[in-house]
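Please read them with the structure open.

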Amino acid sequence: MAPLSTATRVLARSARSPLSASVNSVSPVANTSSRLAAVAATPSPFSTSAARAEGGSAAAFKSPFRGTSKGDSPPNFGDYMSKKSGSTNALYGYFMVGAMGALSAAGAKSTIQEFLVNMSASADVLAMAKVEVDLNTIPEGKNVIIKWRGKPVFIRHRTEGEIAEANAVNIQSLRDPQADADRVKKPEWLVMLGVCTHLGCVPIGEAGDYGGWFCPCHGSHYDISGRIRKGPAPLNLEIPTYDFPDEENLVIG
Ligand code: FES
């Protein structure tokens, strides 16, 4: 048998192939388009339309806005509202509001309490707020200076003669009129702040023209009751808060 020509072999191979007809009768462009169409027609597991087509929950969704237009009454959200009774929902709301309110109140209380504790005086400062003095340690006719709240305090155990001298002064002649009885709780004990009322120097005891205190800064003279008698100071020496808890002790502050 004579060998087949090339054209004859091609024709014979085409007759055996299942795609021979399309391959031979359709152009390459048309063949590609038909394949893409076939792929597109195949449902994808990730396709939204496929899920809807299968009748899933998305297909059952019914929008409350469907069929509405501007100017219509508000849509019905009844499907999305709680199916529980109104009292149950209110109870839950009250519980949440109450719980949040209690937590907030506890936090606010804690914050304010911490703030006040930090702002209040420390134990050592409170200890210095009051000073107790044993009066038995101060002999008659002597001065003692103690420190109270950072300031000097003069304590004078006055004699009978000094008390009489203090009461003999004409009050009207004083720059800062004040009776001696208004400056002491017990006549024999004179307690004053040791701060000059002029510019704050500490006067010297048992000095000056009036037998009391003398401020060397600018020459102010105080008498045996601590009243200003001469010099630039405008006021008498200040009397601090003090008390006698018993006969033998003095508490300043
Ligand atoms: S400070 Fe005492 S006289 Fe000026």
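1. Which residue in β8 does Tyr222 stand opposite? Tyr222 stands opposite Ile228. Strand β7 covers residues 220-223 and pairs with β8 in the antiparallel sense, over two bridges.

2. A word on the basis. This is a predicted model: local features need pLDDT of at least 70, side-chain atom pairs count only at pLDDT 80 or more, and totals for chains, interfaces and linings use all residues. Residues are numbered from 1 along each chain as its sequence is written, and side-chain values use heavy atoms, with hydrogens and water left out. Strands are DSSP runs of E, at least two residues, numbered from the N terminus. Two strands pair if DSSP finds at least two bridges between them.

3. The sheet is open. Its four strands come in the order β5-β6-β7-β8, with antiparallel pairing. β5 (204-205) and β8 (228-230) stand at the edges with a single partner strand each, so one side of each has no neighbour in the sheet.

4. Two bridges join β5 to β6 (residues 211-215), and the two run antiparallel. Gly205 has Trp213 in β6 as its bridge partner. β5 and β6 form a hairpin with five residues between them. In that turn, Glu206 has a positive phi of about 50°.

5. Now β6 and β7. Four bridges pair them in the antiparallel sense. Phe214 stands opposite His221 in β7. These strands also form a hairpin, with four residues between them. Gly219 in this turn has a positive phi of about 85°.

6. For viewing side chains: in a regular strand they alternate between the two faces of the sheet.
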